[in-house]
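Biologist: Could you walk me through a few features of this model, giving the general idea before each case?

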Amino acid sequence: MLDQGSDAFVVFDKVQKSYDGQTLVVKDLNLSIGKGEFLTMLGPSGSGKTTCLMMLAGFETATHGDILLDGQGINNIPPHKRGIGMVFQNYALFPHMTVAENLAFPLEVRKLGKSDREAKVKRALDMVQMGDFASRRPAQLSGGQQQRIALARALVFEPELVLMDEPLGALDKQLREHMQFEITRLAHNLGITTVYVTHDQTEALTMSDRVAVFNDGRIQQLDPPDTLYEEPKNSFVAQFIGENNSLEGTVKELNSDTALVQLDDGGLIDCKPVNVKQVGDRTKVSIRPERVEYRSERFQEGAHLLKAEVLEFIYMGDVFRTRLRVAGRDDFIMKCRNAPDQIRLKPGETVNIGWMPEDCRALDA
Amino acid sequence: MSDTTTDDSPQTGPVLAADGTPLHRSLARALRRQKLRALMLIAPLLIFIIVTFILPVADMLYRSVENGIVSETLPRTVVALADWDASGDTPPDEAVFAALAADIQIAAEEKTHTKLGSRLNYENPGMSSLFRKSGRQVKRWDLETDGPFMEKFLDIDEDWGDIDVWRTIQTYSPATTSGYYLAAVDMQLGADGPEMRPENERIYLKLFGRTLMMSLAITLSCIALGYPVAWLLANLPMRTSNLLMILVLLPFWTSLLVRTSAWKILLQQQGVINDILVWIGLVSDDARLVMINNQLGTIIAMTHILLPFMILPMYSVMQSINPSYLRAAKSLGATDWTAFWRVYFPQTVPGIGAGSILVFILAIGYYITPALVGGTTGTFISNRIAFHISTSLNWGLAAALGGILLAVVLVFYWAYDKFVGIDNVKLG
């Protein structure tokens, strides 16, 4: 059994899902979400994240396994009795109702009195700063305004759990960033548990308490954003989250917290063994571009260095982005902060690059 | 100072194009060629529609009020009769009869008096034979010497002394008449203006009422039967729904006559359905159900025939409704029924409206099916129109009935636009 601590509000216990009886879309999902937590399911399309959300909402049934909400199995509870708020990708605001009617709908079906309804609708609209729009129709609102109404509608009946299915996908960049902030602020102020599905890793990193990275029907890693970024557990996560340099090689020496990897062109590098088991294993090492260093005074004593040829220098304002040829690959990226003492490398130059061994992670091949 | 202000002041009057002509005129010139070309493209269709649709309809509508035949055939009589007091109880004087003799003599030469007779016979039965008989006699008279004519006319037929005959001639002497329209609503022109016909001669109002009620029944049963099918079409997986769509469209590819005859075979008393019911034991052999040659037969057959016109608009509307609306409603706490009734159904109303307008308007003017399976109680007003066009040859009355039918359809259309809004109709 999974560890069901006292604060586990939502629990997926060995959940599997298949649509066609031949392939599993979700393979053995175990996940427990604490009360008040903001958890994001992140992954490429087809990774099973939306299916998990739909199972939680009750629109899909789990082929195997249990889903628990506040300690209760909800596999056989129909969606309308689960009391879970949901924000849909296309907002799904009822087009034939005004904004106020849309918000009053969940209260009406719960048979609340008229004055109660009006008070709650007003409070919910004020909460998303849309108090003046109560009598508008959804079609008369902009995308961002519709998004706010959809959010207010999902919250107006005070659910303890809110699900969001790529709610910001249709908005432009600036509005999206603003809404990211709004949603996290609301979720934390109200203390509601939120499960958020997205394929946008920036969104996942900036909004969540924890991120579950999905691929191929499994959770690849479940961690807070900083851990996820700095300590990816496998190549998929390293590649999917943020920008990443990946070099292939074979493990030469393996200690408890350091390893020596020989790259395919013969170069040697120091790494931290994460996902390698023995000497001779194939591995992909992962280094974040901003952890790559080329100035000799910053290297450790006795560190292994690699030769790199500068291919391109891109000025991006706050950072310099340099594309290098390293170990036979010409897509190796190095990012340096635009500081007064920073050197602008020129194409054709050759430099030695290196890094702290703990920043270079030897992962699965 | 004053110089700069005049230079900077906005131009008054029309905006000018670069060459100094007013902008709107040069725009119109630029667009003229385009408009002309567009007109040329639609010209064949436009001419076709004008010649085969608009002109015949206009002609028929004109026939429903046209009544030149009396004043053309009896010009002198009409003038002489103008002073006669139709509300009194004396027939017209000798001058009128002299004029009538002159008119009938010419008419008999040209053989138009029988036509007039049958026209006036619609209004006052018996006038056809009166004119035919008189024509034969009057031809032989000498207008100079044979007077006075009153006696002679009364000798031919004493009906010439009947006030009603003269009233009819006077009433229908203007070149246009409301008589056909009055007849179409079971009224007639009496001495004191329009009045209802005697109870036993009223048929058209009843027929109009029946046509409307049955069309309404057909529309409602189409909604009831079509809604679930349209829902299935919109929600089944692609392959299944394509197959279903073919089944829905299949009737379109079969002759109307074949489909109607098929219903005859199914519904008649010795037909398939009755046989099965008897075999099961639901109905005893001597109490077979009467399902054809009555209103039920017409409603069943026409519902079947018009069903695709209801399903297709509904389907196209339902297809555009995102399934996430239903999910949203359920996630907000609505039961399946509430989600359907409060969220899904209101969004399908435009489709129901479009289908209903289509089916109702088609049904109200339907002819073949009621004629074949309607018997005597299930016929429509259109069957009566056809009777007047091809059997009784009273085209004026047929045109008036058709005109009223057209007006009824337009009124329904207007009412629909007012209460539902024609912009809400989606045909696909």
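This is a predicted model: local features need pLDDT of at least 70, side-chain atom pairs count only at pLDDT 80 or more; totals for chains, interfaces and linings use all residues.

Biologist: What span should the 17 residues of helix 5 of chain B have?

Modeller: The expected span of a helix is 1.5 Å times one less than its number of residues. For helix 5 (residues 94-110) of chain B that gives 24 Å, and because its end C-alpha atoms are 24 Å apart, the two values agree.

Biologist: Which residues of helix 5 of chain B are buried, and what covers them?

Modeller: A residue is buried if 20 or more other C-beta atoms lie within 10 Å of its own, exposed if 12 or fewer, and partly exposed in between, with C-beta atoms placed from the backbone. In helix 5 of chain B the buried residues are V96(B), F97(B), A99(B), L100(B), A101(B), D103(B), I104(B), A107(B) and A108(B). Their cover includes helix 3 (69-73), helix 4 (75-81) and helix 6 (113-123) of chain B, where contact requires C-beta atoms, placed from the backbone, within 7 Å.

Biologist: How are helix 19 and helix 20 of chain B oriented, roughly parallel or roughly antiparallel?

Modeller: Axes are lines fitted to C-alpha atoms, for helices over the stretch in contact, and angles run from 0 to 180 degrees between N-to-C directions; under 35 degrees counts as roughly parallel, over 145 as roughly antiparallel, 65 to 115 as roughly perpendicular and the rest as oblique. The axes of helix 19 (residues 381-390) and helix 20 (residues 395-419) of chain B come within 8 Å and cross at roughly 155°, and helix 19 of chain B and helix 20 of chain B are therefore roughly antiparallel.

Biologist: At what angle do helix 4 and helix 5 of chain A pack?

Modeller: Helix 4 (residues 143-155) and helix 5 (residues 173-190) of chain A pack at about 15°, with their axes 11 Å apart, which makes them roughly parallel. Residues G144(A), Q147(A), L151(A) and L155(A) of helix 4 of chain A meet L175(A), M179(A), I183(A) and L190(A) of helix 5 of chain A.

Biologist: How many residues does each chain bring to the contact between chain A and chain B?

Modeller: Chain B brings 15 residues and chain A brings 18 residues. On the side of chain B that touches chain A, helix 16 of chain B gives the most, with six residues.

Key:
Residues are numbered from 1 along each chain as its sequence is written. Chains are lettered from A and ligands numbered from 1 in the order in which they are written. Two residues are in contact if their C-beta atoms, placed from the backbone, lie within 7 Å. Helices (H or I, at least four residues) and strands (E, at least two) are DSSP runs, numbered from the N terminus.
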